[in-house]
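Hi,

Here is the structure I said I would pass on. Have a look at it first, and then read my notes below.

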Amino acid sequence: MTRTVDVTAVGGRPAREVLAWSRRLVDPALRDAVDVLPASMRRIAGYHFGWWDADGCPTNADSGKAFRPALAFLAAEAVGGDAMAALPAAVAVELVHNFSLIQDDVIDGDLSRRWRPTAWSVFGAGPAIVASDALLVLAFDVLAGSGHPASQQMARMLSTAVLELTEGEHADIAFEGRTDVDIAECVRMVEGKTSSILASACALGAIEASGTATQVARLHSFGEQLGVAFQLADDLLGIWGDPAVTGKPVHSDLHRRKKSLPLVAALSSGTRAGAELAALYGRDRPLSAEEVVHAAELVDHAGGRSWCRARAEDLLASALRHLHAAVSPEPARHPHPGGSRAVAELTALAQLAARRDL
């Protein structure tokens, strides 16, 4: 059973309060951006965001955690700026994130996200993919229209992250047909698929608040390290997560035989449980419900769960070192009074993200 974890920042708000604040800040601008889409694309996008049902009637469905916008807002504050300076970055990274979610659902054949039918299962795979492409284009339009003097730099940074994301997605798909995936490959896949956008959220927020090059680089590294820790926790939830918390069926990753980090760690363990798991995963037929349950037990017995938790803690510590280095006073610069609170809240968000499976 997955337990919901909240973390209170010392000198700041609890992590879940920060996420609620982030959602309140980003939603009006996000809606304004989506409103410019053609009606057909807008209908699918708004359904995916939980704003209305398939017929266009308003709903109060879950729109997601707004985690990436929160990173952008807090990064801006951490370098001495105002959170709202990072609004274009927050909207852009949220659009890119949801572009990737819609396509992930199509690729994986997932029927449920955020406790509702997925966009593709309601509107069809083709229309959902086209709508997700529209969200991606919209993300760059938001940055280009921000009027920020560094908008070209920001657009290129985000485009690099999207290319890394798509390469990570390609690797993730390719892994499903392979039996020889190692941990290093799997981590590289995660760095592209997950870390790239989290790192961009932090860096873009800092750029929009006029952070120094050193601060931008450090916050980018914070996001990179946090991204892998985030995915480690997410992969554990993909095997053992409570559907009431995750919004997805239990053992969902094992049903698809995904080569997630706990699975690859177990297969690489050299243990008897790892060998049995490899034999089970190698069968040329769908796994039964009983076999999926047994596969989860084997991942645990082979050390996949404990390896992921320990690695997530190491990455969390590394990420926080980059965060604190980013806000250490530089010569001729004085710490901003709001910066310490933002750092405390970024720390709380990082701890929440890395420890969600506890």
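Start with α7, where the buried residues are S151, M154, M157, L158, A161, V162, L165, G168, E169, A171, D172 and F175. Bear in mind that this is a predicted model. If you wonder about the spacing in that list, an α-helix has 3.6 residues a turn, so residues three or four places apart point the same way.

The helix itself covers residues 151-175, which makes 25 residues. From first C-alpha to last, α7 reaches 36 Å, close to the 36 Å expected at 1.5 Å a residue. And what do the buried residues of α7 pack against? The partners are α4 (87-108), α6 (125-144), α8 (183-208) and α9.

Q215 has a relative accessibility of 6%, so it counts as buried, the cut-off being under 20%. Its side chain comes to 2.9 Å from the backbone nitrogen of T212.

Where does α1 bend? Look at V26: the bend there is about 35 degrees, and a proline, P28, follows within four residues. V26 is also one of the buried residues of α1, and others among them are W21, R23, D27 and L30. The cover over the buried residues of α1 includes α2 (39-48), α3 (67-78), α4, α6 and α16 (339-354).

Cheers

Note on methods. Residues are numbered from 1 along each chain as its sequence is written. This is a predicted model: local features need pLDDT of at least 70, side-chain atom pairs count only at pLDDT 80 or more; totals for chains, interfaces and linings use all residues. Side-chain values use heavy atoms; hydrogens and water are left out. Buried means under 20% relative accessible area, exposed over 50%, partly exposed in between (1.4 Å probe, protein chains only). A polar contact is a pair of N or O atoms within 3.5 Å; within protein, one must be able to donate a hydrogen and the other to accept it, and residues adjacent in sequence count only if both atoms are side-chain atoms. Helices (H or I, at least four residues) and strands (E, at least two) are DSSP runs, numbered from the N terminus. The expected span of a helix is 1.5 Å times one less than its number of residues. Contact means heavy atoms within 4.5 Å. The bend at a residue is the angle between axes fitted to the seven residues ending there and the seven starting there.
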